[in-house]
Amino acid sequence: MSLVLLARRWIPRLLTPRVDVPLFLALLMLAGVGLMTLHSAAVGDAGLLQAQAMRFGFGFVVLWVISRIPPQQLRLWAPWLFALSVVLLLLVPFLGTGRSARSWLNLGFFYLQPAELLKLAVPLLVASWLHSQVLPPRLGALLVSAVIIGLPTALIAIQPDLGTALVVAASGAFVVFFAGIQWRWIFGLGSAALLAAPLAWPFLREYHRNRFMTFLNPEADPLGVGWNIIQSKIAVGSGGLFGKGWGLGTQSRLDFLPEHTTDFIFSVFAEEFGWVGSVGTSSSRRLRSAREGCSAKAGGWVRNPVSTSCPNTPPTSSFRYLRKSLAGSVCWRCWVFTCSSLAAACGSSLKRETPSRASSVARWR
Amino acid sequence: MRQRVRLKNAIQDAQRFRRRAAIAFVVVTLAVLALAGRFAWLQIIQHAEYVTRADSNRIRTLPIVPARGLIFDRKGRLLADNVPAYRLELVPEAVGDVDAAIQRLREFLPLDEDELARFQSQRKAQRRFQSLPLKFRLTEAEVAAFAVRRHLFPGMEVVPYLTRRYPYGELLAHVVGYVGRIDEADLERLDAAAYRGATHVGKSGIERYYEERLHGHVGSERVEVNAEGRVLRVLDRELAVSGEHLYLSIDIDLQQAMVEAFAGQYGTAVAIQPSTGEVLGMVSLPSYDPNPFVNGIGRQAYADLLTAPGRPLFNRVLLGGYEPGSTLKPFVGLAGLELGLRTPQDTVFSSGAFRLPGQEREYRDWKAGGHGTVNLREAIAQSVNTYFYTLAMDLGIDRMSGYLQRFGFGEPTGIDLLGEAVGIRPTQAWKRATRNQAWYPGETVIAGIGQGFWVATPLQLAQATATLAAGGVRHPPHLLRQTQSGFDAPILDAPQPPLEAPVVHQVQNLQAVIEGMVAVVHGPTGSAREMGVGASYLIAGKTGTAQRVSRIGDEARDQRTLTQNQRNQALFIAFAPAESPTIALALVIEGGGSGARAAAPVARRILDAWLERKTP
């Protein structure tokens, strides 16, 4: 009986043809560019391309489904999603696999990186929590937010995957920012972090320090740790204004660019499509697909604190705003999630190129 | 006191959110702009630099090694050839466990330690996928032995290549020399660009002197490589230009006859065509086989050569410093005539001993009791020391040396071989400079008979003899006669050294000396008259017996351990036919006793070979 009820509630939702067309087109375009670049980078490896296309397809289905879920529902689910993600994360040290860090879980049909789930779960839960609080958040609310952000960040950092940990932390922090944390906190915490940075230096692992020094001066060890950055810069720089043309990038085709189907795929793209291509995609990625950004995480609920309507009720303008923005955020998150956590080649590059800052861009109309 | 309750204010919250969103938008926009600026910096402003770096990543220029020019004798017989050979190469990456594979290989293929050591050092310097030579010049049996086991050795291959071969082996080792693998010393000397891809370079002899012409011009091909350096395709190619073929003035038949004439004795001989200065033959015995040097002679084999009796590696023609002894007398006699101190008819009485006024020391003639009264002709024919003692005293050392310089004594001859010794042409200034001692008159006396400080190389003696034979015109000796750039090209005469002015002013003076030299061989009193018996042509010659070994080379011998006979060097200079010479000869037989008995018969056999074609 309840099943019928559930079906009556959900089927219309899933079939609602309401789609944010510009966002959808932007996503399609990015996916297309990603596949094109991968096609060029993974010369002769049709399997890789096919797998990536299937991931995109799966991602779009998930995106569609999640975008049909009302934000209120997501708000209620947030703690459960968070709890599930953290549990999975706790399992990683025992069951995980991975090359440099144990960060993947083998689920049988695919590998899951629980850390990727948290990129979604952390901002959702923070938003959900702050929604119940008087804004701007007071110290107590902030401390709870800090715990929500800090716990998974710490767990990911000891994997060790410092990069993902920082992304997760930032995605949560931006929700707090949107919720209206006082400037004195922002500046206070900011300067404290700046002051603490040199103190953290001795505690960093060797490869972290190496990476930092390489970032500052890749030419110091051009054949060793600097090789990747240098070759990537050569690839990008030799692309010029309009690029060398699709499939004609020598740096990737001749294997000078390491990991050119994964971490450095953006360099492949920049080499083949030049400045026009790289600025086009990066801005579209950042502004376009994130235009529906995580406003929903904080702002959406802030604006419509009492709205409980479902899609069948005539939406107010503010509700429409909320729904779309949340959908955008979730779509975006899902996209990133499907791309990267499914070990998608293209995805992991986009992951690096688009940390949570991108997803925190407000809708701006 | 009532606590103040804060209530949620949706309107305020929404406004705050809008402000924050606007700030975030600006920040992100700035970040995107910064990124676009960074891209513009890399892709537009620094574009050219990165294009260059991308190209230098992918484009390599590989050398195409030119074929080395061949070397022929004057009749077109091949003296240095490029022959196909086989070497065993391996690609470490494809082999896997290289050391284990080599162990298995050694079960049927002998590999000496030198080869292995070279391989291992080369292996460290190269990438794992690059092919490395393990063993050069496989024999056919070895190639076959490997071929049947080839499936057991993945990553190893027998590769054909061209290697240098010297068909005449030790007959010409001191003339043609050899090529060897380029070593560190060569790298410093050579133009790296011209030797890209080259493995061998001329190390000695003609191979060294004419290295540039024999080497040719390296070609190149531009290829696209991937990050591992593997060649993917050829973009374009510039062909190599083969080295020039060289035709030497050496006559291999004469060379062979010269070696045979020595009949196993150690020594050296140089034959020159007087009218041109072309070297017809030059031998330094014992000799060695240059072929093992081409692909690296083993350490032990090299050590054996270094310590072998007679020092086969030592090139006596260029480096051997010998006391000329009596072979210098014709030149001293000519000095007396040319400088107006003597006429051919002037006589000197030889009593068997000559004394300087006021001195006790006797300077002896070789014949006890002396030769009696002799003129120049007899003085040369019988090798009368006293005649030249007195002449030397009249000339003085500096005048005598100054005149003999015209014949090239004490000077490099300028032959087209590297490293010739210059010998010693003593003067007062020379003695002051090298020994810081005053010149004593007694030293002038013995200098008159080619003893004392005199040191000459066989090449210098031959050149001086050829100058006499050529009517007093000096032609610097040389080996290169003709060149040819490619087999289709015409054979061109090599430019000859510039003609020098005659060193003899009065032809009759020269004639008088030559008469004396003819009398040495054909005169009734001639010191080498046995040699002339039965000759169908006239020989002008002069014997010489030097009493000690004197080397400019690095060899030092303890004189006291040698017997008298061993200390004597038998010398002979000659040209023939005396009236119109076609060959001038200088030869030294080490430990040979007297010039007349030991050296003259050898010279006769050589002259016969040249003039009567007695060689088969």
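## A tour around helix α22 of chain B

Start by selecting α22 in chain B together with α15 (329-338), α16 (376-381), α21 (458-469), α23 (529-532) and β19 (540-546): the buried residues of α22(B) pack against these elements. Buried here means that 20 or more other C-beta atoms, placed from the backbone, lie within 10 Å of the residue's own. Helices (H or I, at least four residues) and strands (E, at least two) are DSSP runs, numbered from the N terminus.

Before going on, note that this is a predicted model, in which local features need pLDDT of at least 70, side-chain atom pairs count only at pLDDT 80 or more, and totals for chains, interfaces and linings use all residues. Residues are numbered from 1 along each chain as its sequence is written, while chains are lettered from A and ligands numbered from 1 in the order in which they are written.

Now pick residues 507-522, the 16 residues of α22(B). Of these 16, 12 are buried, among them Leu510(B), Ile514(B), Met517(B) and His522(B).

Next, show the whole of chain B, with its 25 helices and 21 strands. Buried residues account for 44% of its 616 residues. Contacts (C-beta atoms, placed from the backbone, within 7 Å) between residues at least 6 apart in sequence join residues at least 24 apart in 74% of cases.

Finally, colour by pLDDT, the predictor's confidence in each residue, from 0 to 100. Chain B averages 86, and 95% of the residues score at least 70. Select residues 550-560 of chain B to see where pLDDT stays under 50. The model scores ipTM 0.71 and pTM 0.64.

Definitions and conventions
Two residues are in contact if their C-beta atoms, placed from the backbone, lie within 7 Å. The expected span of a helix is 1.5 Å times one less than its number of residues.
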